[in-house]
Amino acid sequence: NMAEEAKKQAAYTAVDNHVQNNQVVGIGSGSTIVYAVDRLAERVRQEKLNIICVPTSFQARQLILKHGLMLSDLDRHPELDVAIDGADEVDADLTLIKGGGGCLTQEKIVAGCARHFVVIADYRKDSKVMGEQWKKGVPIEVVPMAHVPVSRKIVQLFGGEVNLRMGVSKAGPVVTDNSNFILDWKFERVHSWKDVHQAIKMIPGVVETGLFVGMAERAYFGMEDGRVQVRE
Ligand code: DER
């Protein structure tokens, strides 16, 4: 369908523009990155590239292994050439909401270790203002024993509503790859996302927020008509 084709176009364009031989590449999580790994594996085979991949989740690790790509980690490769990842929403400042798939913590760590961090997404993520299209709020990873006080503090500070993310095919709360819970904060208005991120990050028990401020260098959006729009 149109959105899947748009994801594929964005993913292929980003891989073709940013991946060269002898590079260490951070592999994001979610559904759009699947197309990027397909393209990466195709190029590695066709061009006999030497590429090392660092995953951002169990899901990304499975993708790397499934395609027979070279798997590594931050112990061996603490500096990456480029990290490629999806986003739930991208605003005019290239601030991202990430974590729809619950992998935001390792994604942010890997993105922070990369010289270049590029985002791939379909047109539904391309917003001017945060919240225009993405209605599930900002994901926040928390230590399980703190989820209630953290939820209360966020509402006290910034209003809105905070929900503990519950499993669909698993009874009880979603548990992340780091054995933590995820809160989804549905904000009511536009904020200074840098200030919000910093304030929430300081609450005891918060591991990471899904606000990626000033991290993405470029975003590739697959459009409805098959074209790819680039923002930076
Ligand atoms: O959960 C995440 O951070 C994912 O990267 C998400 O932001 C994008 O997932 P999608 O490519 O399936 O939309």
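How far is the sulfur of Cys103 from the closest cysteine sulfur, and in which residue is that sulfur? I will come to that after some background.

This is a predicted model, in which local features need pLDDT of at least 70 and side-chain atom pairs count only at pLDDT 80 or more, while totals for chains, interfaces and linings use all residues. Residues are numbered from 1 along each chain as its sequence is written, and side-chain values use heavy atoms, with hydrogens and water left out.

Now the cysteines. A disulfide is a covalent bond between the sulfur atoms of two cysteines; the cut-off used here is a pair of cysteine sulfur atoms within 2.5 Å. Searching the whole structure gives zero disulfides. For Cys53, the nearest cysteine sulfur belongs to Cys113 and is 15 Å away. As for the opening question, the sulfur of Cys103 lies 16 Å from the closest cysteine sulfur, which is in Cys53, and that is too far for a bond. Cys53 is buried, at a relative accessible area of 0%. Buried means under 20% relative accessible area, exposed means over 50%, and partly exposed is in between, with a 1.4 Å probe and protein chains only. Cys103 is buried too, at 13%.

Next, the aromatic rings. The structure holds five aromatic pairs. Rings of Phe, Tyr and Trp (its six-membered ring) pair if their centres lie within 6.5 Å; planes under 30 degrees apart count as stacked, over 60 as edge-to-face and the rest as tilted.

One of the pairs is Phe117 with Phe212: the centres are 6.2 Å apart and the planes are at 35 degrees, so this pair is tilted. Phe117 is in strand β7 (residues 114–122) and Phe212 in strand β12 (residues 211–212), so the pair links distant parts of the chain, 95 residues apart. Helices (H or I, at least four residues) and strands (E, at least two) are DSSP runs, numbered from the N terminus. Phe117 is buried, with a relative accessible area of 3%, and Phe212 is buried at 0%.

Another pair is Phe158 and Trp185, also tilted, with 6.0 Å centre to centre and 50 degrees between the planes. Phe158 lies in helix α5 (residues 147–158) and Trp185 in strand β10 (residues 181–186), 27 residues apart. Both residues are buried. Ring pairs join Phe158, Trp185, Phe187 and Trp193 into a cluster.

Last, back to Phe212. The charged end of Lys98 sits over its ring, 5.6 Å from the centre; that of Lys108 does likewise, at 5.0 Å. The criterion is NZ of Lys or CZ of Arg within 6 Å of the ring centre and within 35 degrees of the ring normal.
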